[in-house]
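This briefing is intended to be read beside the sequence and the three-dimensional model. Its points are grouped by topic.

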Amino acid sequence: MKLIGASIKRVEDFRLITGKGLYVDDVKLPNMLYGAVLRSTFAHALIRSIDKSQALSLRGVRAVYTAEDLGSINGPLPQSVSPLPQYPIPHQKTHYTLAPGKVRYVGEPVAFVVAEDRYTARDALELIEVEYEPLPPVVDIEKAIEPDAPLVHDDVPRNIVAQHTISVGDINQAFSKADLVVRERMVFNRGAGHSIETRGVVASYDERSGYLTIWDSTQAPIPVRNGLAKILSLPENKIRVIAPDVGGGFGPKIMLFYPEEVLVTYAALKLGRPVKWIEDRREYSIAANQQRIQIHYVEAAFSNDGKLLGIKDRFLVDMGAYTPYGIMVPIITTGTMPGPYKIGAFHVDFTAVYTNKTVVSPVRGAGRPEAVYVMERVMDIAAARLGIPRDEIRRRNLIQPEEFPYDTGIIYQDGGPVKYDSGNYPRMLEKLLEALDYASWPERKRRYREEGRYVGLGFALYVEGAGVGPYEMARVRVEPSGRVSVATGVGTQGQGHFTTLAQVAAEVLGVNVEDVDVVTGDTAQMSWGIGTFASRAATIAGSAVYLAAQEVRNKAAELAAKKLEANPADLEFADGKVFVRGAPERAITLGELAVLAHPIRGLIEREPGLEATKFFSPRQSVFSSGAHGAEVEIDPETGEIKILRYVIIHDCGTVINPMIVEGQIVGGLSNGIGSALYEEILHDENGQPLATTFMDYLIPSSMEMPLEVEVHHLETRSPLNPLGAKGVGEAGVIPVAAVVASAVQDAFDGKVVPLESPLTPPRLKALLEVQRG
């Protein structure tokens with residue numbers, strides 16, 4: 001039975017939708033204590049004193065910790081990601097467990113209370129007296145790099161984390177030949193991940209065994225274990241980190257290490273009792289890592305026939321107050337910029353900037369939407385100025401199928417090349433235009449206008465680097481019962497790993513998906529691994545599962561051949577059995593072979609057990625691609641935008657489970673619509689965040705989703721892994737803002753040109769007023 005490529009219902013869903021999931025807050029342990037974090041109310045201030053005496057006197061309070069109580073574990077905490085040799089970071093600053101003497105953003109942890117219940121812990125926070133001396137905050141990134149700007153870190157001149165130039169080809173020559181130069185300033189504003197489950201940690205220490213168990217809503221349980229072992233000077237084999245069911249990650253939960261992970265664990269060790277901390281929504285809004293701002297000053301050189309001769313982009317990135325995740329986001333933005341186009345010359349300068357705001361690290365899309373927005377806006381603007389149709393200017397610049405692998409000359413986030421492994425970009429564009437019925441659009445648009453409606457059609461193309469290394473491991477084992485167990489180091493936050501990884505193992509071993517038990521996110525089950533991010537689980541962990549399952553199949557075939565007195569090449573696997581081709585009665589079950597693989601007596605010729613552990617390490621990232629299009633209606637009086645229809649063409653290589661892939665893409669689309677139209681974290685001049693509840697930070701509901709969403713697959717296998725798979729997790733997010741901007745420009749016949757996202761009603765009304773005036 002062909003299982004890879006089958007739309008099998010997710011095996012984990014029944015447990016989750018019937019309330020049988022296990023999330024961090026579901027962990028109930030005897031004698032549990034509860035933690036609460038006192039956070040800075042200032043964006044930038046010196047801490048002159050902290051008086052915790054009243055809090056300690058409150059009945060039920062067991063401890064109050066400040067920076068001076070923690071000693072060496074207070075930090076600075078380790079880097080989440082080490083700088084790449086090609087992209088050094090001269091002024092990398094990691095954060096602290098608790099702020100020692102100075103706070104640098106609203107929400108930075110200052111003290112940690114542990115009490116008998118959560119309510120007492122929260123009450124005790126109000127009894128801690130902190131004397132602050134406010135300092136001038138750094139809020140605007142364009143002003144932050146001015147010579148006389150206040151400094152977030154006293155030893156970082158002009159607040160510049162790092163500056164890098166990436167240049168391919170002769171940019172000056174390209175611009176000297178230009179018939180048209182497009183010059184624009186584009187802005188992509190700050191947003192957040194806002195998973196349905198906030199962050200949470202539970203830690204329990206067994207003094208007799210010396211074992212420390214941590215439940216953490218993280219995307220990277222193995223690195224968390226490794227890091228906590230180092231920070232706390234404990235042996236790794238005495239620490240177990242479990243990422244149970246995680247209610248969404250979207251990037252912020254990949255961060256290492258959050259202060260709360262250290263604080264909860266430290267308190268459990270010190271107090272000898274389990275400690276739980278669960279973040280509330282406002283805390284998430286100010287303390288969980290966020291994404292962007294990016295401001296781009298782009299110039300693009302075109303010939304009269306629409307060929308893109310060269311592109312220059314200088315952009316600033318708001319990194320927040322610390323850079324534990326390094327400068328990964330602007331590196332990804334740079335690597336994504338070329339998209340599916342052949343560019344004569346490429347020159348990018350990026351500057352990462354410290355501000356007195358929450359830390360920035362990858363959030364779903366992770367720098368890619370900004371790059372696609374810039375490139376696709378440039379394409380639309382150039383098409384309008386040259387009088388070339390939007391589809392045609394793209395068609396003339398696309399990389400052709402016979403040009404793969406295609407090396408852009410850029411170094412990516414993994415230190416490898418931005419070298420496209422596979423794709424068919426011309427077919428992708430044509431398939432989108434067919435699905436949109438683009439040929440009839442002028443007539444449909446005319447009819448809308450006769451009805452007094454402003455409806456535009458927009459589209460955008462992109463290439464997504466995914467499946468980054470360095471590796472993942474997997475163990476596949478056949479048990480005496482005949483069931484198959486799969487263990488991997490990646491965690492799961494709703495992506496369907498329990499099903500897709502089971503499909504891979506089941507196809508190789510000839511068993512039913514229901515007979516495969518998958519374990520993810522538990523360091524006791526798999527000691528080595530990296531985590532779930534960058535659309536890498538199916539590509540990297542899935543390939544490791546495939547290789548391990550193949551090794552188990554080979555072992556089973558060898559044992560079965562002896563037992564059945566047959567040639568291994570003549571054996572087939574199906575229905576949990578191994579049988580001789582053409583003679584199905586000559587068969588043995590996998591469970592029986594598992595027993596034979598570890599006899600109680602006698603001699604064996606190879607390692608015991610019908611199991612294998614394999615790792616997969618890619619040579620470089622894989623590169624998915626896609627094209628999105630939408631019909632969008634605008635109310636010129638209110639500035640409200642409604643997406644009427646949305647079409648997605650996506651190439652993620654081999655599609656393991658089309659149903660899950662489509663769910664990932666449509667789910668990503670909701671994130672993309674939020675970023676394109678609603679979601680924005682504004683700060684006032686004092687660095688105070690102005691969107692800390694869902695009354696102010698607007699995420700799309702089902703009412704804002706388009707009624708019609710079509711997803712079409714285009715499969716070009718990757719040659720870089722045994723499954724031929726490429727990433728899909730961020731596909732729905734990446735081009736949405738560019739699509740909306742393109743549609744708005746079309747609705748007003750090119751007279752309104754959006755250059756900032758999200759395109760909120762006030763922002764669009766301002767554009768319309770300029771056009772009318």
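Asp749 is partly exposed, with a relative accessible area of 46%; on this scale buried means under 20%, exposed over 50% and partly exposed in between, with a 1.4 Å probe and protein chains only. Asp749 lies in the loop between α19 and β29 and has a positive phi of about 55° although it is not a glycine. The model is predicted, so local features need pLDDT of at least 70 and side-chain atom pairs count only at pLDDT 80 or more, while totals for chains, interfaces and linings use all residues. Residues are numbered from 1 along each chain as its sequence is written, and side-chain values use heavy atoms, with hydrogens and water left out. Helices (H or I, at least four residues) and strands (E, at least two) are DSSP runs, numbered from the N terminus.

**Backbone geometry in loops**

- His194 also has a positive phi, of about 45°, although it is not a glycine. This residue belongs to the loop between β8 (180-188) and β9 (200-206), and His194 is buried at a relative accessible area of 8%.
- A cis peptide bond, with omega near -5°, leads from Phe404 to Pro405. Pro405 sits in the loop between α12 (390-395) and β16 (406-411).
- The bond from Gly469 to Pro470 is cis as well, with omega near 5°, and Pro470 is found in the loop between β18 and β19 (472-478).

**Thr94 and its surroundings**

- Thr94 is placed in the loop between α3 (67-70) and β4 (102-103) and counts as buried at 11% relative accessibility.
- The side chain of Thr94 reaches the backbone oxygen of Leu77 at 2.6 Å.
- Contact means heavy atoms within 4.5 Å. Neighbours within four places in sequence aside, Thr94 is in contact with Pro76, Leu77, Pro78, Gln79, Tyr322 and Pro324.

**Helix α14**

- Trp441, Arg444, Lys445 and Tyr448 are buried in helix α14 (residues 441-450). They cover an arc of only 100° around the axis, which puts them on the same side of α14; the arc is that of the directions from the helix axis to the C-beta atoms.
- An α-helix has 3.6 residues a turn, so residues three or four places apart point the same way.
- Pro442 and Glu450 are exposed on the other side of α14.
- The cover over the buried residues of α14 includes α13 (425-436), β18 (454-466), β26 (622-634), β27 (641-651) and α19 (736-747).
- Gly452, which follows α14, has a positive phi near 80°.

- β27, helix α18 (residues 658-678) and β28 form a right-handed β-α-β unit. A crossover is right-handed if, with the strands pointing away from the viewer, the path from the first strand over the helix to the second runs clockwise.
- β27 pairs with strand β28 (residues 708-713) in the parallel sense over six bridges; two strands pair if DSSP finds at least two bridges between them. His650 stands opposite His713 in β28.
- Ile665 lies in helix α18 and is buried, with a relative accessible area of 0%.
- Ile665 and Ile648 are 17 residues apart in sequence and 8.5 Å apart in space, C-alpha to C-alpha.
- Beyond its neighbours within four places in sequence, Ile665 is in contact with Ile648, His650, Val711, Val728, Ala731 and Gly732.

**The six-stranded sheet**

- An open sheet of six strands runs in the order β7-β15-β14-β13-β8-β29, with mixed pairing. Its edge strands, β7 (160-168) and β29 (756-757), each pair on one side only.
- Strand β14 (residues 308-318) and strand β15 (residues 346-353) run parallel and are joined by eight bridges. Val317 stands opposite Ala352 in β15.

**Nonpolar cores**

- A nonpolar core is a set of buried Ala, Val, Leu, Ile, Met, Phe, Trp, Tyr and Cys residues joined through side-chain atoms within 4.5 Å.
- The largest nonpolar core has 164 residues, and those with the most contacts inside it are Tyr65, Phe302, Ile327, Tyr420, Ile641 and Val744. Helix α11 (residues 368-386) gives the most to this core, with eleven residues.
- Apart from this core lies another, of 49 residues, among them Ala502, Ala556, Phe573 and Ala597.

Definitions and conventions
A polar contact is a pair of N or O atoms within 3.5 Å; within protein, one must be able to donate a hydrogen and the other to accept it, and residues adjacent in sequence count only if both atoms are side-chain atoms.
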